[in-house]
Amino acid sequence: MTTTEAQRTAGGRRASQALVWSFANTALAKFGTLAIGIALARILGPEEFGSFAVAMVALMAILSFNELGVSLAIVRWRDDPAGIAPTVTTISVAMSAALTVLTIVAAPAFARAMGDPEAAIVVQLLSLCILVNGVVATPAALLQRYFRQDQRTIADQVNVWVGAVTSVGLALLGLGAMALVVGRLSGAVLSALLLLRYSPLPYRFGLDRLRVRALLGFGVPLAGASVIVFLVGFVDQLVVGSVLGATYLGYYVLAANLANWPVTMFSQPLRMVAPALFARLQDDPGAMRAAFPRVLRPLSGVALPVCVALSVAAPEVVGFIYGEEWLPAAPVLRWLALLAAVRILFELAYDYLVVLGRSHSILVLQVVWIVALAPALWIGIRTGGLEGAAFAVFLVGVALSLPMYVGELARSGQHLKGILAAVAMASGLALGLAGLLIVSLAAFPGGWVSLVIVGALTGTAATAQLWRCRDDLKVFQTGDPR
């Protein structure tokens, strides 16, 4: 075995272990947030939940470009990251501190624009998470580079469960939306302390002027693309909040959170591992091209049935889990769950293109997306309210963004025929599952029986697909996709 092959095999083992840890981390975190989200939705109701949603939109907007994308350079850097880590830390902390101050100042105007002026203090307090995120950007990226998802799992679980328990306790005491803010902050701070403790390199500040330009040249286009990605993901919430108010925003956000469950559960673990895996193969273009469909095949095989099930059973899921008062969220969930199936491809393609250094192409793609989405959203909300907004997002995603991503992948060596082959079986099975679910829900309308049937059929379909694609998962074990 050559030195390169031995390094690739060792890296593959680390990637495989990291994928297992990442999936376990995401599953536990998603279970926690789902369970706590149900409890909080029932305790707070749509109005208070909507006030917190206003603050979360602001937080996610800033976090999308918080450290100017420079931390991802640590994952992709060909040489020892110790040479750039202090500079990345300085840029990240300085930028996040400035953005925290800016958010605090702008919070009252933002809250008024979102139709809930009283949410300003919620936005201001939650903005402290921006600073925390910037402080730990470098340690988090280092853990990702070295496949230390075991340590990342501990930090993330502390974040989720400390925040969850604190939020529920304070909500029961009557603190309303503020309970969610305090919980979020407490979890973030404790998690940050753990990330600093686990950092593979000493936490240091520094400024290598020779590398600042290279880091910003890599990161700023990605940060710009991330802003557009945020707008694509959250402009619907911005418009819903400003046009329809915080209560309707609460309905919409609940549906969006449910629709994001498959993306978070299946795509996020891979996104913690896939960039580093692709980066290790970038010196072998053929191997890197071969790795993409081998990652996409099992991902789509598991995610597509879940997305379809959420869409078909949207009223049953929302009504049974959250209660009758949240049923206006069901039509929104129907469309956003279908979009989630496509978003999983988008996110994998994004990571693949980033490693290839095509950050400028990603930025252009996202700009075109948002330019088309903005008027579509306005028309959708005016004509169809909440459901109209969700349909507009789905339509733009499928009719415009999907062909653009496929075209960009083709220019990078991933042609349409290969992509279709990777998702063909999963797509056919998902369509068949949709028919079975429609018939089953008509025969057993409402109640826990219908949800058990939905879960059983969906789980069987996803498991069968995962078993069929078991050989593809070996790319994470061997590091060699061929």
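Predicted model: local features only at pLDDT ≥ 70, side-chain atom pairs only at ≥ 80, totals over all residues.
In which helix do Asp156 and Arg152 both lie, and how many residues apart are they?

Residues are numbered from 1 along each chain as its sequence is written, and side-chain values use heavy atoms, with hydrogens and water left out.

Let me now answer the opening question. Asp156 and Arg152 both lie in helix H7, residues 149-172, and they are 4 residues apart, about one turn of the helix. Helices here are DSSP runs of H or I with at least four residues, strands are runs of E with at least two, and both are numbered from the N terminus. Asp156 and Arg152 form a salt bridge, with the closest N and O atoms 3.1 Å apart. By salt bridge I mean a side-chain nitrogen of Lys or Arg within 4 Å of a carboxyl oxygen of Asp or Glu. Both of these residues are buried. The word buried stands for under 20% relative accessible area, exposed for over 50%, and partly exposed for values in between, using a 1.4 Å probe and protein chains only.

The structure holds 3 salt bridges, and I shall take the other pairs in turn. Arg343 is bridged to Glu347, the closest N and O atoms being 3.4 Å apart. These two residues are separated by about one helical turn, because they are 4 residues apart in helix H13. Arg343 counts as partly exposed because its relative accessibility is 24%, whereas Glu347, with a relative accessible area of 16%, is buried.

The remaining pair is Glu408 and Arg411, whose closest N and O atoms are 3.1 Å apart. Both lie in helix H14, residues 359-411, at a separation of 3 residues, about one turn of the helix. Glu408 has 6% relative accessibility and therefore counts as buried. Arg411, by contrast, is exposed, with a relative accessible area of 57%.

I turn next to the chain as a whole. It contains 17 helices and 0 strands. Of its 482 residues, 54% are buried. If we take contacts between residues at least 6 apart in sequence, 84% of them join residues at least 24 apart; contact means heavy atoms within 4.5 Å.

What of the interior? The largest nonpolar core has 128 residues, and those with the most contacts inside it are Tyr252, Phe278 and Leu373. Such a core is a set of buried Ala, Val, Leu, Ile, Met, Phe, Trp, Tyr and Cys residues joined through side-chain atoms within 4.5 Å. Helix H13, residues 330-355, gives the most to this core, with 19 residues. Phe278, leaving aside neighbours within four places in sequence, is in contact with residues including Met288, Phe292, Leu348 and Tyr352. There is also a second, separate core of 9 residues, which includes Ile74, Ala85, Leu201 and Leu215.

Ser51, in helix H1 (residues 3-63), is buried, with a relative accessible area of 12%. Not counting residues up to four places away, Ser51 touches Asp116, Ala119, Ala177 and Ala246.

Gly206 is placed in the loop between helix H8 (177-198) and helix H9 (209-244). Its relative accessibility is 22%, so Gly206 counts as partly exposed. Beyond its neighbours within four places in sequence, Gly206 is in contact with Pro86, Thr87 and Thr90.

Finally, the surface. The chain exposes about 19800 Å², and carbon and sulfur atoms supply 67% of this area. Accessible areas come from the Shrake-Rupley method with a 1.4 Å probe; for residues, only the protein chains shown count as cover. Phe320, Phe444, Trp448, Val449 and Val452 form a nonpolar patch with about 520 Å² of accessible area together. Patches are made of residues with over 30% relative accessible area and no salt bridge, with like charges joined within 9 Å and nonpolar side chains (Val, Leu, Ile, Met, Phe, Trp, Tyr) within 5 Å. Helix H16, residues 447-468, supplies the largest share of the patch, 3 residues. Phe444 sits in the loop between helix H15 (416-443) and H16, and is partly exposed at a relative accessible area of 44%.
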